[in-house]
Amino acid sequence: MVEETLVLFKNIRKPEYSKTLEGYKKAGGFQTLKKVFGMKPEKVIQTVKDSGIRGRGGAGFPTGLKWSFMQKGSSKPSYLIANADESEPGTCKDRELMLKDPHLFLEGMMIGCYAVGCHHGYIYIRGEYFPAIKSLNTAIEELYADGLLGQDPMGSDFHLDLTVHSGAGAYICGEESALLDSLEGKRGQPRVKPPFPAISGFNGCPTSVNNVETLAYMPFILGDGGVDAFKSFGPENNSGTHLVSLSGHINNPGVYELRMDVSMRDIIYEIGGGIRNGKKLKGVIPGGSSSSVMTADEVDVLYNFDELANIDTMLGSSAMMVFDEDTDVVKLLLRITKFYAHESCGQCTPCREGTHWSRNIIRDFLKGNGSDEKLKRLDRVGGNMLGTTLCALGDAAALPIQSFVKKFPNDFRKYYAKK
Amino acid sequence: MPVFHIDDQPVEFEPGEKILSAALRNGKKIPHYCYHPGMSIVATCRMCVVEIVDLGNGRPAPKLQTACSVDAADGMKVETMNKKVEEGRKLVNEFLLINHPLDCPICDQSGECTLQDYSFEYGSGKSEMDYSKRVYGWRNIGTFVSLERNRCIQCSRCDRFTREITGTNEFGMFNRGHELTVDTYTDRPMTNKFQGNMADICPVGAITEKEFRFKRRVWKLKKNRSICTGCSTGCNVTIEHDRNEVFRLKPHENQNVNKWWMCDEGRLSYRIMNERKTRINSPLGRVGQNLQDISWEEAYRAIAERIIEMAPKENEVIALTDTHASNEELFLLKKLLKDGFLSDNVFCPLPKWEQIESEFFINTLITTDKSPNRAGALALKIKGDAKNVGVKNLIDRKLKMAIILGCPFEKENDFHQKIKQTQLVIHIGAYHNCWSDIADVVLPGQNYSEKKGTFTNKLQQVQTTDIAVQALRRSRPEWQILAELGQALGYKFDFNNVNQVFGAMSEEIKAFSGLSFDQIGDKGIKLTKTFKDNGMKLVKETT
């Protein structure tokens, strides 16, 4: 029987837990921070590297490595920015953390700021997350009142301010360089890389942008025995637990904290309680809407970064969307493509024109105007967005299109074969 | 300099330079839309994709890279023409065309449109886009340029221009996704003085100059290099003309003077080149109250006879010139008075002028000195001062002869009255003005689009104009008139072309010593001996 492994959710899963500073401290909070203040920042970064944690925002880039790229000894200030602009369809894990246990994330954020030498951290939060914004602001006020934020928390000779900045509703601002532009007050559009944010980020200063979940692991990883314990939660190179946002035609949707060596089938049928109304599984979108779709036959894989990459899809932000045999995948693809057409920032040619064009073609199928030629064209237009744009939104729009056409061609044919 | 290879040809680059920049500098063409050397790199059009087969470390780049944003590296090998790259460009071009109206037959950009050029090269000829195109209404964005958003390919050059070059920020990108468009903010019209540049940098026909709209197809225009004579900056331009009519001025890149830009006022100065109403068509001689057509020979003979008859002394002659005359003309005028009458009485107006200091380079292009050759006059030591004291002192005496070149002291009415009483007034110029009204002999000169000459700009850089359009049949360039006048008076003035005049000038005038006409070339050349212009006042930009 697969069960949750509680690292991030150890407080949340306790019914009696109160999400106040007092409650968090009672549950052992801020012990790690105290320990970290006694370590050198380089040691902190090395420990994070040792733990092998990979960013939970979608790309899976090793966090320790990212922090070690931060320019040292420059005259400019360094920044750490928490990416809480969680907008990938299907993903709702960061919201849980910020809403139900904000102090855990904030402690992680403070550890991160200490490690990279940041004295003013920003939390760029999705604008629609009103309750989470409120929860974070309340928690930050508590921390200031307690002296944990501001000058010399715990007598550490370190000072830190945190600011919550809410976005204005653009998916693209979850891309780190667009997030920085937006935070600077500009139009949120991805920047040319290089230079990477670690060299020139927020206001041209060295910056690290990290996902909320990634930062929330820091109190555990830097705690006593954290590294070894963290590594033991998954296969090599995929260490730790992760928060899985389970949604779709499933009996028990929700956010679960799971080890990285659990198979997808177990997640669907044991954690998720199987398909709704006893129907059969048709497919799964494994890592947020931008990942390639998987058919029902493919779900016997371990749900982690490397295993999914092996079968040409991705873990992304661990948002699993399950759909049953009655699902019309053309409509599903239209919904996904409409999202990307709406959210494309429009600066790169292939993504701007391609998302819109492919949406029109998919609509054609639903109107009964499909043809073999159009199916091929859809595949081609989707493919032309792949790897040709500045940021990953082009890929994010292209991968579902290509994978749906490849894996469910008959569902498309159904629409025009009737005639 | 380190070297990398484009299509197996070695290309030198400066450390930190991008592939595209190095390629363009070395004459290698890579298609691009959004890249402009004067502005920041956004790498969004995706047209300049190239395949990097060797990053300089023996490994290839994983996918096609945009040449505008990747640093060149020592030993790098780039392919710009292979099949993969062509496919990459084809797909970008296809995407760009799905919403482009393809109204080339009625578009002014047609013929100088990079989208059109690349579509010929990479376009497919048939569209697979079965849906209606994106359509926007027409917007009036100001007096100088016209915005046709349907043609826009969202390269954001115009947006970056107002942000980074003029700093006026009145233009921006709106909406997102396929509805991304350019416009001014809150319906306000454009206000900057450099809007014409936005039409230049727009790779398609989205922004066009109102002044030029529907006047001529661009492939009919012939182009000649010249300089703008609208102010003392001397922006490098091409004069674009057809059938002897000038249609527009376009800036020509010169990093020392105007970079890629010029001001709208300068662009409009093409109008004077087509001016016919006030042009002086032939030599004129005064008979009673009226001016009558005479031949050049008659004019020269009449002048020579009068001068011999009057035998004016050193302080009985005066020459007035404006600073629109070229270096050669000023030099010959000075030489004529010196050789003929031992006189130094050549005056020009030298009012005080202001140079703007600004963090945005483009704002420094406009000066308050609206003449092109003030520095030339100073270098040639033509007399003059801000309050015209020198002229006033001399003009009160009894003068026998006055030579007026161009239109100096236009607003000094008492000068006109006093010069009128002079026995012989010779006016040399292209246009009728207050001086031709009182002249005894009028000799028709030429506009600077019709003759060769050199001008010295505010940076004391000597630059040339070239013959673009054919001059009026009976007019002659001013330097030639002055040379012939000298010959008619019996002096050794055998100059057959501007080069010879310039040669004589470089021998006699210190500031020009050692320079030759052929040396000047495209980029201009600094004076040998520079000096400080005391009439210049640096002013801070007012915002």
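Visitor: Which residue in β9(A) does L281(A) stand opposite?
Guide: Happy to start there, bearing in mind that this is a predicted model. Strand β7 of chain A covers residues 281-285, and β9 of chain A covers residues 319-324. The two strands run antiparallel and are joined by four bridges. The residue opposite L281(A) is D324(A).

Visitor: Why is one side of β6 and of β8 in chain A left without a neighbour in the sheet?
Guide: Five strands of chain A form an open sheet with mixed pairing, in the order β6-β5-β9-β7-β8. Because β6 (254-259) and β8 (294-295) of chain A each have a single partner strand, one side of each has no neighbour in the sheet. The place where both stand is the edges.

Visitor: Which element gives the most to the side of chain A that touches chain B?
Guide: The contact takes 23 residues from chain A and 25 residues from chain B. On the chain A side, the elements giving two or more residues are α14 (329-343), α15 (349-366) and α16 (372-385). With nine residues, the element that gives the most is α15(A).

Visitor: Is helix α4 of chain B mostly covered or mostly open, and how many of its residues are buried?
Guide: The helix runs over residues 157-165 of chain B and is mostly covered. Its buried residues are R157(B), C158(B), D159(B), R160(B), F161(B), T162(B) and I165(B). Out of nine residues, the number buried is seven.

Visitor: What covers the buried residues of α4(B)?
Guide: The cover comes from elements of chain B, both strands and a helix. It includes the strands β7 (171-174), β8 (181-184) and β9 (207-209). The helix included in the cover is α5 (196-201).

Visitor: Which residue with a positive phi follows α4(B)?
Guide: The phi in question is near 70°. The residue that has this phi and follows α4(B) is G167(B).

Visitor: How far apart do the C-alpha centres of domain 1 and domain 3 of chain B lie?
Guide: The domain assignment of chain B gives domain 1 (3-81), domain 2 (134-274) and domain 3 (284-540). The C-alpha trace of chain B spans about 85 × 50 × 45 Å along its principal axes. Between the centres of domain 1 and domain 3 of chain B, the distance is 50 Å.

Visitor: What share of the residues in chain B is buried?
Guide: Chain B contains 15 helices and 24 strands. Out of its 543 residues, the buried share is 47%.

Key: Residues are numbered from 1 along each chain as its sequence is written. Chains are lettered from A and ligands numbered from 1 in the order in which they are written. This is a predicted model: local features need pLDDT of at least 70, side-chain atom pairs count only at pLDDT 80 or more; totals for chains, interfaces and linings use all residues. A residue is buried if 20 or more other C-beta atoms lie within 10 Å of its own, exposed if 12 or fewer, and partly exposed in between; C-beta atoms are placed from the backbone. Two residues are in contact if their C-beta atoms, placed from the backbone, lie within 7 Å. Two strands pair if DSSP finds at least two bridges between them. Domain bounds come from an automatic or database domain assignment.
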